[in-house]
Amino acid sequence: ESFDSVPVIIPSLTNGRPYSIKLRVVNEWGSGLASEAVNVTPRTTPDAPTSLVATAGNGQVEIAFTVPSDDGGAAISNYKYQLDGGAWTAFDPATTNSPVTITGLTNGTTYSIKLRAVNDAGDGTASEAVSVTTPMTTPDAPTSLVATAGDGQVSVAFTAPTSDGGAAISNYKYQLDDGAWTAFDPAQTSSPVTITGLTNGTSYSIKLRAVNDAGDGTAS
């Protein structure tokens, strides 16, 4: 094939197929000597993953999918995901098979998720979005309890649970000496809480736990 400018572009090649290419100059006297061969394999970025199916778990989502129909002529080395139109994040460690698992999510939250494949040529085409809602779970335990005794009562200060389980804390419950759990009435949702109806001069062992729509959380 003839070209009249440099650099030359050789069209209609097959991605992923290795080629050995030589060039030679042609003038009015004929064709010159051929160059030494250069070996090259054309490639492009992968097509999009398809048929995404998301399964929500506790703080995570598993996504099954159909791998791209064309890897662009270079093996897929990883996948990336996008949450709610934000930045793309590569899986670490790299994953090249379905399903993939996205962790570190917030329970009780709806996410719009896309995937794309990565090869040596770069990031491939993004998939269609799949929407999924992570399940609510019960809250973590309150921590750092500090009790201050009063006349027939105790005020308990605490640090709120690290995670509310994806649903707002609606109340707390307390336990005296490993007995039954009692909800505060009226409901209490912040520190400190006050436990009344106690007997002066008596030692109590007290635990707290948070409550949300998913149920009772972990005890302190």
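**Close-up views of a predicted model**

**Figure 1. Pairing of strands S15 and S16.** Strand S15, spanning residues 171-176, is joined to S16 by three bridges, and the two run antiparallel. Within this pair, Gln-175 is placed opposite Trp-181 of S16. The view, like those that follow, is taken from a predicted model.

**Figure 2. The four-stranded open sheet.** S15 and S16 belong to an open sheet of four strands, ordered S16-S15-S18-S19, with antiparallel pairing. Its edges are strand S16 (181-183) and strand S19 (215-216), each of which pairs on one side only.

**Figure 3. The largest nonpolar core.** This core comprises 17 residues, of which Ile-63, Phe-91, Ile-102, Ile-113 and Leu-115 touch the most other members. At least two core residues come from each of strand S6 (60-66), strand S7 (78-83), strand S9 (100-102), strand S10 (110-119) and strand S12 (130-133). The greatest contribution is that of S10, which gives four residues. In soluble globular proteins, nonpolar side chains tend to be buried together.

**Figure 4. Surroundings of Leu-115.** Which residues is Leu-115 in contact with, leaving aside its neighbours within four places in sequence? The contacts of Leu-115 are Pro-49, Leu-52, Ile-63, Phe-65, Lys-80, Tyr-81, Trp-88, Phe-91, Val-100, Thr-125, Ala-126 and Ser-127. Two of these, Ile-63 and Phe-91, are named with Leu-115 among the core residues that touch the most other members.

**Figure 5. A separate nonpolar core.** Another core, of 13 residues, lies apart from the largest one. Its members include Phe-158, Tyr-174, Leu-198 and Ile-206.

Figure 6. The bond from Ser-98 to Pro-99 is cis, its omega being near 0 degrees. Pro-99 is located in the loop that links strand S8 (88-90) to S9. Asp-185 and Pro-186 are likewise joined by a cis peptide bond, with omega about 5 degrees. Pro-186 occupies the loop between S16 and strand S17 (193-195).

**Figure 7. Positive phi at two serines.** Although not a glycine, Ser-12 has a positive phi of about 60 degrees. Ser-12 sits in the segment before strand S1 (19-21) and is exposed, with a relative accessible area of 77%. Ser-51, also a residue other than glycine, has a positive phi near 55 degrees. Ser-51 is part of strand S5 (residues 50-57). Is Ser-51 buried or exposed? Ser-51 counts as exposed because its relative accessibility is 52%, the cut-off being over 50%.

Terms used
Residues numbered from 1 in each chain as written. Predicted model: local features only at pLDDT ≥ 70, side-chain atom pairs only at ≥ 80, totals over all residues. Heavy atoms only, no water. Pairing = 2+ DSSP bridges. Core = buried A, V, L, I, M, F, W, Y, C linked by side-chain atoms within 4.5 Å. Buried < 20%, exposed > 50% of the residue type's maximum accessible area, 1.4 Å probe, protein only. Contact = heavy atoms within 4.5 Å.
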